[in-house]
Amino acid sequence: MKNSAVEKFNVTDLTENQRQQLTKIEGFVQRQLQQSESSIAVIEGAAGTGKSVILTKLFEKLQTGAKNPTSPYYGLKNKFTVNHPELLKVYQELSTTIPSLKKGDYIRPTSLINQAHKNNQRYDVIVVDEGHLLLSKPEPYIRFTQDNQLSELIKLAKVVIVVFDFQQVMQSKMFWNRSLLEKCLAPYPHQTFNLTMQYRMQAPASVQAWIKSLAAGHLSALPKNLGDYDLRIFSRAADMYELIKEKNESFGLSRMLATTGFIKRTANEHNVYLDDFDLPWDEYDVQTTPWAEQPESIYEVGSIYTIQGFDLNYAGVILGPPFRYDEANDQLYIDTDKVTHREIYKKTPHITDEKSMQQMKQSVMFHVLNVLLTRGTRGLYLTAADDDLRQRLERL
């Protein structure tokens with residue numbers, strides 16, 4: 001049962017597979033610390049494969065070893081960075097539960113880069129969670145003026161360990177694909193570690209495959225065997241919300257989630273509204289407690305900006321107006337004109353032709369869908385704003 005993100009990251013015992021992966025990554029780190037040039041370890045894995053858990057254990061070992069004269073990490077200067085404000089809150093809270101960690105160990109990439117330049121600081125190891133959220137273009141208004149954050153972080157450390165999942169690229173200013181990543185890595189020694197075990201969703205393989213297929217736009221009948229996983233499709237968002245509230249009361253960490261696409265009805269209001277359902281869409285939360293763990297967030301609707309990287313027990317997901325039904329091909333498609341959060345579609349130097357831009361606009365929204373569909377460890381509930389799509393989902 002999921003109770004908090006801190007508990008998720010700070011697990012007492014790793015699985016045998018996780019221990020093996022951590023040992024391999026540590027071996028790479030220890031070898032490369034003896035070299036003079038920078039090097040990079042890339043950890044790849046889909047949502048729910050335990051990337052953040054391994055990073056947490058690795059960083060704890062680094063920081064504990066930094067104070068132990070018998071450790072290969074003795075005396076090292078290390079930092080942990082993540083370009084996601086909600087996850088940063090979790091890591092900073094985690095630091096209060098582990099003696100070897102400090103709140104100041106965790107920092108956003110832009111701040112880390114600018115502070116290092118200002119103080120002429122270089123690190124031994126920089127650990128990067130959610131590397132697919134690193135900026136891949138200059139953003140002067142947040143004081144990042146270089147070409148991309150990964151390249152800058154590599155220049156600041158002897159070893160960089162970075163997590164990448166190309167299926168979680170969400171915005172054009174954070175656009176990454178394999179060729180761009182390889183271009184950044186090419187000048188340096190590097191090694192990729194692949195995580196494949198699914199730890200989040202307590203669902204049969206057939207259910208996981210169905211969700212993965214839906215996240216790619218494909219519609220198929222629900223699996224006959226759902227195991228203990230609660231997968232349901234609703235005709236009314238209001239009914240789905242009532243069940244989410246019941247699950248939250250019984251099990252905790254059950255929330256409503258939605259994609260972009262609901263038009264603001266007033267300048268100061270951005271709600272998700274459908275049938276009798278009408279609640280605020282939370283894009284960013286300034287409180288120190290992560291959005292998913294605040295009791296009052298049961299009265300709000302989460303977005304990728306408040307839920308990415310987090311586990312829920314039960315997730316109620318509303319597919320917004322951009323998700324439409326293509327009857328001729330019996331599949332989902334994205335009406336990009338209905339995307340209301342236009343920030344995700346800004347120009348990027350990595351896409352210069354219109355055809356590629358249109359493909360990016362489609363793929364980004366399917367990535368959003370994939371993130372939202374894979375939050376629930378015990379159950380997923382679905383509905384859609386588009387009438388045709390909702391009716392087709394019901395027939396599944």
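A polar contact here is a pair of N or O atoms within 3.5 Å; within protein, one must be able to donate a hydrogen and the other to accept it, and residues adjacent in sequence count only if both atoms are side-chain atoms.

Ground rules next. This is a predicted model: local features need pLDDT of at least 70, side-chain atom pairs count only at pLDDT 80 or more, and totals for chains, interfaces and linings use all residues. Residues are numbered from 1 along each chain as its sequence is written, and side-chain values use heavy atoms, with hydrogens and water left out.

Asparagine 78 sits in strand E2, residues 78-82. Strands (E, at least two residues) and helices (H or I, at least four) are DSSP runs, numbered from the N terminus. Its side chain makes a polar contact with the side chain of glutamine 63, at 2.8 Å. A polar atom of that asparagine 78 side chain also lies 3.3 Å from the backbone nitrogen of valine 125.

Now the sheet. Seven strands form an open sheet, with mixed pairing, in the order E7-E15-E12-E8-E11-E10-E9. Strands pair if DSSP finds at least two bridges between them. Strands E7 (230-233) and E9 (271-274) are at the edges with a single partner strand each, so one side of each has no neighbour in the sheet.

Look at E8, residues 254-258, and E12, residues 312-319. They run parallel, joined by five bridges. Alanine 258 has isoleucine 318 in E12 as its bridge partner.
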